[in-house]
Amino acid sequence: MTGTLVTGTLRLVEYFDVAGDVNTRRTLELAKARAEELGITSFVVASTRGVSGLQAAECFHGSNVVIVRQVTGYRDPNVQEMPDEVLERLLKLGAKVHTATHGLGGLGRAVRNRYNTYQLDEIIAEALRMFGPGVKVACEVAAMAADAGLVRTDEDIISIAGGADSAIVLRPANVHRFFETRVREIICEPRTWK
């Protein structure tokens, strides 16, 4: 039997026993270590109220740190969940803060709420949630950051989400080219989630 020997790199994924922000510090440590190994200098972090965003901005200081927050009015009309003082602290730490409609749930969510039917973007989101809600959000916020021109689509980045319990290496794509996104590695995520 003849053939070509295929080689690869063995990478360990850290799986947390529980989901949530109890894992934030470890997630950031793992992401920083992997970024150093790969020469990655851009990080995208989902952060609703800014707690994990502040920790990320401090951990990755000196890098391109993009904090993607909830759209104003997500929970209640005209309400931004990230307090202004947190926004100011993030900006002082050198982070970029991006506020935008969810890449996988904007108008589609409006159609679902009005007509009680799912749209394509939310079906795609549900499919990604099979890998965990943090992985889904990490893919989504990376595309949102690419749409804003805050990360490049021709370079790998690290994207972090899920109460900062999930981190992935990926090559982002814009929302309208979402299927060109390439998840390269899962660095960490919880084994179970709701």
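Figure 1. At a relative accessible area of 2%, Phe60 is buried (buried, under 20% relative accessible area; exposed, over 50%; partly exposed, in between; 1.4 Å probe, protein chains only). Phe43 is likewise buried, with a relative accessible area of 2%. This is a predicted model, in which local features need pLDDT of at least 70 and side-chain atom pairs count only at pLDDT 80 or more, while totals for chains, interfaces and linings use all residues. Residues are numbered from 1 along each chain as its sequence is written, and side-chain values use heavy atoms, with hydrogens and water left out. The count of aromatic pairs comes to 2 (rings of Phe, Tyr and Trp, the last by its six-membered ring, with centres within 6.5 Å; planes under 30 degrees apart are stacked, over 60 edge-to-face, the rest tilted). Phe43 and Phe60 form a stacked pair, with 3.7 Å centre to centre and 5° between the planes. Phe43 belongs to strand β2 (residues 42-46) and Phe60 to the loop between α2 (51-59) and β3 (64-69), so the pair ties together parts 17 residues apart in sequence. Helices (H or I, at least four residues) and strands (E, at least two) are DSSP runs, numbered from the N terminus.

**Figure 2. The edge-to-face pair of Phe178 and Phe179.** The two rings lie 6.1 Å apart centre to centre, with 75° between the planes. Phe178 is buried at a relative accessible area of 12%, whereas Phe179 is exposed at 61%.

Figure 3. The model holds 15 salt bridges (a side-chain nitrogen of Lys or Arg within 4 Å of a carboxyl oxygen of Asp or Glu). Arg34 and Glu37 are joined by one of 2.6 Å, N to O.

**Figure 4. The salt bridge of Arg184 and Asp156.** The side chains meet at 3.1 Å, N to O. This pair links distant parts of the chain, 28 residues apart: Arg184 is in strand β7 (residues 182-190) and Asp156 in the loop between α6 (133-147) and β5 (157-161). Arg184 is partly exposed, with a relative accessible area of 44%, as is Asp156, at 24%.
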